[in-house]
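Here are my notes for your first reading of this structure. Keep the view open beside you and look up each residue as it comes.

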Number of protein chains: 4
Amino acid sequence: MTGAGDEGTEYQYGLRSEMARDASRVEAFSDAVIAIVLTLMAFELLQLGPQQPDQPGLAGALIREWPAYLAYVITFAIVGQVWLTHHNMWRYVVRVDQMLLVLNLLLLLFVAAIPFAARLLSDNLQGTVGDQRLTAALYVGTALGEALFFNLSWWWARRRHLLHPGLDPRLARAVARRFLLGPLLYLVAFAVAFVDPILSLAAYFLLTALYVIRGPGDLPSSRPRPS
Amino acid sequence: MTGAGDEGTEYQYGLRSEMARDASRVEAFSDAVIAIVLTLMAFELLQLGPQQPDQPGLAGALIREWPAYLAYVITFAIVGQVWLTHHNMWRYVVRVDQMLLVLNLLLLLFVAAIPFAARLLSDNLQGTVGDQRLTAALYVGTALGEALFFNLSWWWARRRHLLHPGLDPRLARAVARRFLLGPLLYLVAFAVAFVDPILSLAAYFLLTALYVIRGPGDLPSSRPRPS
Amino acid sequence: MTGAGDEGTEYQYGLRSEMARDASRVEAFSDAVIAIVLTLMAFELLQLGPQQPDQPGLAGALIREWPAYLAYVITFAIVGQVWLTHHNMWRYVVRVDQMLLVLNLLLLLFVAAIPFAARLLSDNLQGTVGDQRLTAALYVGTALGEALFFNLSWWWARRRHLLHPGLDPRLARAVARRFLLGPLLYLVAFAVAFVDPILSLAAYFLLTALYVIRGPGDLPSSRPRPS
Amino acid sequence: MTGAGDEGTEYQYGLRSEMARDASRVEAFSDAVIAIVLTLMAFELLQLGPQQPDQPGLAGALIREWPAYLAYVITFAIVGQVWLTHHNMWRYVVRVDQMLLVLNLLLLLFVAAIPFAARLLSDNLQGTVGDQRLTAALYVGTALGEALFFNLSWWWARRRHLLHPGLDPRLARAVARRFLLGPLLYLVAFAVAFVDPILSLAAYFLLTALYVIRGPGDLPSSRPRPS
């Protein structure tokens, strides 16, 4: 298969499209995992909501469950952020090898643990100081594991020439910087969560706004050329 | 990457197909989220059904759970409608930028909350007037949030020239009108739900029928040309 | 958009590939829904298994839950069958319109209800005669609804010329026959389930074997021609 | 459809791309099922974690639940391994027939049962010897079923010429060997689990590391040729 490029255009096209299918499949599989994680919290909401059908007031029951809604919004934001980062990284990946697939699976292992960590965090917002510290440490560990495997994936893809050959090296560096920066900022937000959850939520939305404003910098803004 | 169009056909083809992959991935990810939301209610049914295995009569148990079946059908219809709208919008999107991805994620945040809102609504159909008003307000809020981000996505995609260059401007306006109209009609249906759930169900099916009858207007009806 | 074919090859290619993306997206969305339904029963198993951790013997507990395992295998087989039928149908669909999307969503509404119907059936295998008749009727209703919308989809796709123009009319008729035949055979199997669940399971595996043996008839068996 | 190759390049391209879509759809559907299975254990974690909110110490509650975390990591690794194997196999499949689809569905039937088997195993790590033997046997049965249908799929795809015509026969044999080898190694790991779960976890990570190190051997390592 290695020397296939010598055998003519038609056949080579087949091989190239097969490689593109490879990368597409990794994206599709990661998308499915991330989408399930994203909706797991919505499912949790579904189970929380009606567990007190005999409560005197629905409004009171809903208000008492605010940590669950906080966990839903925060988890949605964090997993959404993971998807954005994954999307921005994999659009430049044109080939895969065994190690990149394994690194991607390890990334997904930590992504799939986010709802569990978020749930523990929201359940213990009003718990003892020791429990708060433990859940915050678990959350930080999940975020760090995820950041570690994003950075390892990008480093491996660059080292093994798995990226699009036309990718601007400055853009590659900008993407690497974002991979390092993003998780760091969210770690700060969650260190704040350890002190004050409301302040952390505010910090989180500020960071997301900043991310959105400076985000389009690494995406081509030229118009498509149809001919 | 911006000036890539000057470097020759082969390379440009690569870039263009990469952009198409971008939009496809957003569709695939949104599809996964919407599909999970669509089946969440089926999962709820699964949990409701057998919780009274020692009931004297199964028929009675099933009939007493009618609000859950109503919620299943209504949620399926609403989420199906969201998918149709998403499908009709994204078939014209050929490029994405960071902001459009964020707007799409915010849309999905509200879509994923639909089963929760529907469950609250169905649980409180026979509750106090105050609880009915609260759940109706939550439902309307979810629908409004979803409609808001559909409209923002389309407005942003038009403003930033992310749509197919061959898209007829009249068609773009028709799509925008549909985005505004659809949610409004469903709001009316659910305002009726606040008064009478059975009447609302009838109104809902009428609206869906109308939507289906006038639907094909913005889809090309020409036969494909194979050569 | 209707007259786009006059504007040149490049543009037309864009439109054609956009249409192909349309059909692909319907497949991807349906796949996600069917995959979730397929694994819902596995999730049910997960919840059933450990609910008696304090039982004297695990083997006894597992054996007492045999209706759940029967429901898992039967549902997997039926939903797998639905996926095969959907796959065989949509490989010939090259364009979609609003009505076909709505028919496909209604099909998915019934597909998503299969685990609920299967669970009711397995829960009431040892119930009263009245409950058995009710659950059998619900199951038959689900299967009939699914069969109805498969047949309506195919009829609509043929009527509105949404199929691949190179599709052999005899093949189109064979596919239509299969759509009518398949559900009928499964109805027979479940009518038998009403009399004797073990006999029904045997009948089911026989029918699946027959389906597999005569299945490849409508799929091209020629070798691919790479040049 | 069999004689379609004679009718010209354009039409043939349509047929060939339709076939590629066929294989892509099988991948996408399998991906969705595997992704759901992969995240089912994460969902289990979510349900386990907060069930003791009134426990004196969170740390103690988390530590007491270690079999659930072990089951999460092991299941993630095994299902990840299944995905890698599926990915490595299907990248060479360019056409599908009815039997290959059925074999793939039967494979997914066993894959979807992995979380159930893993849960039973982790629940009975500290149970009686008889229960341990039963759960180990169920686990081994699940793994063997999965391995059986991977091998049958590959054998059928080779026999019916459904693989990429440019696939090196030595590579095809190497893939077949991996399909036989992988499950055998995991069986050994789980035979060890029957004796000592901690030793088994160590053995598992060793095997995964070996798999990763010798893995890239069957993937092309040449750089892509853009022209």
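This is a predicted model: local features need pLDDT of at least 70, side-chain atom pairs count only at pLDDT 80 or more; totals for chains, interfaces and linings use all residues.

1. How many residues has helix α4 of chain B, and how far does this helix reach from its first C-alpha to its last? Helix α4 of chain B covers residues 98-112, which makes 15 residues. The reach is 21 Å, close to the 21 Å expected at 1.5 Å a residue.

2. Now turn to chain C. Helix α4 there also spans residues 98-112, with 15 residues and a reach of 21 Å. The value expected at 1.5 Å a residue is 21 Å. Twelve of the 15 residues of α4(C) are buried. They include C:Val102, C:Asn104, C:Val111 and C:Ala112.

3. Step back to chain A as a whole. Its secondary structure comes to eight helices and zero strands. Along the sequence the pattern reads α-α-α-α-α-α-α-α. Buried residues make up 60% of the 227 residues in this chain. Take the contacts in chain A with a separation of 6 or more: 76% of them join residues 24 or more positions apart.

4. The UniProt record, an unreviewed entry, places "transmembrane region" at five stretches of chain A: 26-46, 66-84, 96-116, 136-157 and 201-217. Two of these can be set beside the model. Residues 96-116 of chain A are 86% helix and 0% strand, with end C-alpha atoms 30 Å apart. Residues 136-157 of chain A are 100% helix and 0% strand, and their end C-alpha atoms lie 32 Å apart.

5. Which residues does B:Arg25 contact in chain A? B:Arg25 sits in helix α1 of chain B. It counts as buried because its relative accessibility is 4%, and the cut-off is under 20%. Leaving aside neighbours within four places in sequence, B:Arg25 is in contact with A:Glu27, A:Ser30, A:Asp31, A:Trp83, A:His86, A:His87 and A:Trp90.

6. D:Ser30 lies in helix α1 of chain D, residues 9-48. Its relative accessible area is 0%, so D:Ser30 is buried. Not counting residues up to four places away in sequence, D:Ser30 touches A:Arg25, D:His86, D:Asn104 and D:Leu108.

7. Helix α1 of chains A, B, C and D each supplies at least two lining residues. The lining divides into twelve nonpolar, four polar and no charged residues.

8. Last, check a backbone angle. Most residues other than glycine have a negative phi. A:His161 has a positive phi of about 55°. This residue is in the loop between α6 (129-159) and α7 (169-195) of chain A. A:His161 is partly exposed, with a relative accessible area of 40%. B:His161 has a positive phi of about 55° as well. B:His161 lies in the loop between α6 and α7 of chain B, and at 38% relative accessibility it counts as partly exposed.

Technical notes:
Residues are numbered from 1 along each chain as its sequence is written. Chains are lettered from A and ligands numbered from 1 in the order in which they are written. Side-chain values use heavy atoms; hydrogens and water are left out. Helices (H or I, at least four residues) and strands (E, at least two) are DSSP runs, numbered from the N terminus. Buried means under 20% relative accessible area, exposed over 50%, partly exposed in between (1.4 Å probe, protein chains only). Contact means heavy atoms within 4.5 Å. Ala, Val, Leu, Ile, Met, Phe, Trp, Tyr, Cys and Pro count as nonpolar, Asp, Glu, Lys and Arg as charged, and the others, Gly among them, as polar. The expected span of a helix is 1.5 Å times one less than its number of residues. UniProt positions are given in the numbering used here, feature names are shortened, and annotations may be inferred rather than shown by experiment.
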